[in-house]
Amino acid sequence: LREALDMHLDSNNPDRANAAYNNLATSAVFFRPAGRVLALIDEAIEMCDERGYVAHSEFSRMTRLESLFPLGRWVDLRRDAQAILEADTARGGSRVSAVCNVWLALLAAYAGDAVTAGVHLDAGAEAVLASGDAQGATTTAALGVVVSAARGDGDALARYADRLESSAAAAGQFADFCAGAAAPELVAAGRADQLRRILASASPGGPWDRARRLQAEAVIAAHDGDHGGAVDAALESIEISEALEHVFDPIRSRIIAARSLLALDRDEVARPLLHQAIADAESIGASYLAADARSLLGDENQFAAER
């Protein structure tokens, strides 16, 4: 992919170069540090803006959201997704609007705004699920599970969980990625066996996929009473995610690890993980996760809230 990009740049073909930038960034985000991938897609946006390629630039800005999310740059992500949504809506709307609505639904859910999350999910999810894109459908189904859990809508969660399972086999490594995204919510809803089936259908992917699979395996291990295994898997996930410069995924993994450490009466190890998870969650606007971490602190809950 890098060779294709360099070839199109050398031949001064901005149309094909922009497509190559996006293909490379969409793949690289699963293998390379997110900051480097963001810099790559910013090159594409600059190139398109300089040449007046408005549609191409907007497409690259959509790809940019994929790097902003794990980096925890959610203020930028929300601003850009909203701007893209408004511009696309003004032109009559398309799948672009649907994808932006799904992003905004996820951000609202993690910010603790279940009502807004529901509005955006209802506006975007079905169009993406019906698009025929297996990767897009699997990702959207997983995010639908997360948002539905935040809304307390068990019926919707069940529908999205079933769609996640049905689309996972065709999604390759995205099955791991999406299973990890929705693992705590699936298990909490009594769907541990469904999560196992989704994982069984996955193909090996990049480091980010591996980190997400480890999150899912940690959640299942804890459900099965193997808290030592859960801690090991969650801590390995943190190591991989932090090497990718991620902020979001380590928050979730720290909470998963801390929950099992508390079950093992290893409070002295769990507490620092929870304090770090709270600090990081608050820094990116994930109050839903911060509240989850605080709920595990018990007598230290008030102390954590005042930090």
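This briefing covers the pockets and the aromatic contacts of the structure shown above. The model is a predicted one, and every value given here is computed from it. The largest pocket holds about 960 Å³ of space, the second largest pocket holds about 400 Å³, and the structure contains twelve aromatic pairs.

**Largest pocket**

- About 960 Å³ of space lies in this pocket, and of the 37 residues that line the largest pocket, Glu66, Val99, Trp103, Gly136 and Thr139 are the closest to its centre.
- Two or more lining residues come from each of the helices α2 (14-28), α4 (54-71), α6 (95-110), α8 (134-151), α10 (174-188), α12 (207-223) and α14 (248-263).
- By class, the lining of the largest pocket comprises 23 nonpolar, nine polar and five charged residues.

**Second largest pocket**

- The elements α10, α12, α14 and α16 (287-295) each give two or more residues to the lining of the second largest pocket, and the largest share, five residues, comes from α14.
- Eleven nonpolar, three polar and four charged residues make up the lining of the second largest pocket.

**Aromatic pairs**

- Among the twelve aromatic pairs of the structure, the rings of phenylalanine 30 and phenylalanine 174 have centres 5.2 Å apart and planes at 75°, which is over the 60 degrees required, so the pair is edge-to-face.
- This pair joins distant parts of the chain, with phenylalanine 30 in the loop between α2 and α3 (34-51) and phenylalanine 174 in helix α10, 144 residues apart; both phenylalanine 30 and phenylalanine 174 are buried.
- The rings of phenylalanine 69 and tryptophan 103 have centres 5.5 Å apart and planes at 50°, so this pair is classed as tilted.
- Because phenylalanine 69 belongs to helix α4 and tryptophan 103 to helix α6, the pair ties together parts that are 34 residues apart in sequence.
- Phenylalanine 69 is buried, with a relative accessible area of 4%, and tryptophan 103 also counts as buried, at 15% relative accessibility, because the limit for that class is under 20%.

**Charge over a ring**

- The charged end of arginine 212 sits over the ring of phenylalanine 177, at 4.3 Å from the centre of that ring.

How values were computed
Residues numbered from 1 in each chain as written. Predicted model: local features only at pLDDT ≥ 70, side-chain atom pairs only at ≥ 80, totals over all residues. Heavy atoms only, no water. 1 Å grid on protein atoms, 1.4 Å probe; cavity = no way out; pocket = protein on both sides within 12 Å on 5 of 7 lines; lining within 4 Å. Points joined across faces, edges and corners; volume = space filled by probe spheres on them. Helix = DSSP H or I, 4+ residues; strand = E, 2+ residues; numbered from the N terminus. Nonpolar A, V, L, I, M, F, W, Y, C, P; charged D, E, K, R; others polar. Phe/Tyr/Trp six-rings, centres within 6.5 Å; stacked < 30°, edge-to-face > 60°. Buried < 20%, exposed > 50% of the residue type's maximum accessible area, 1.4 Å probe, protein only. Lys NZ or Arg CZ within 6 Å of the ring centre and 35° of its normal.
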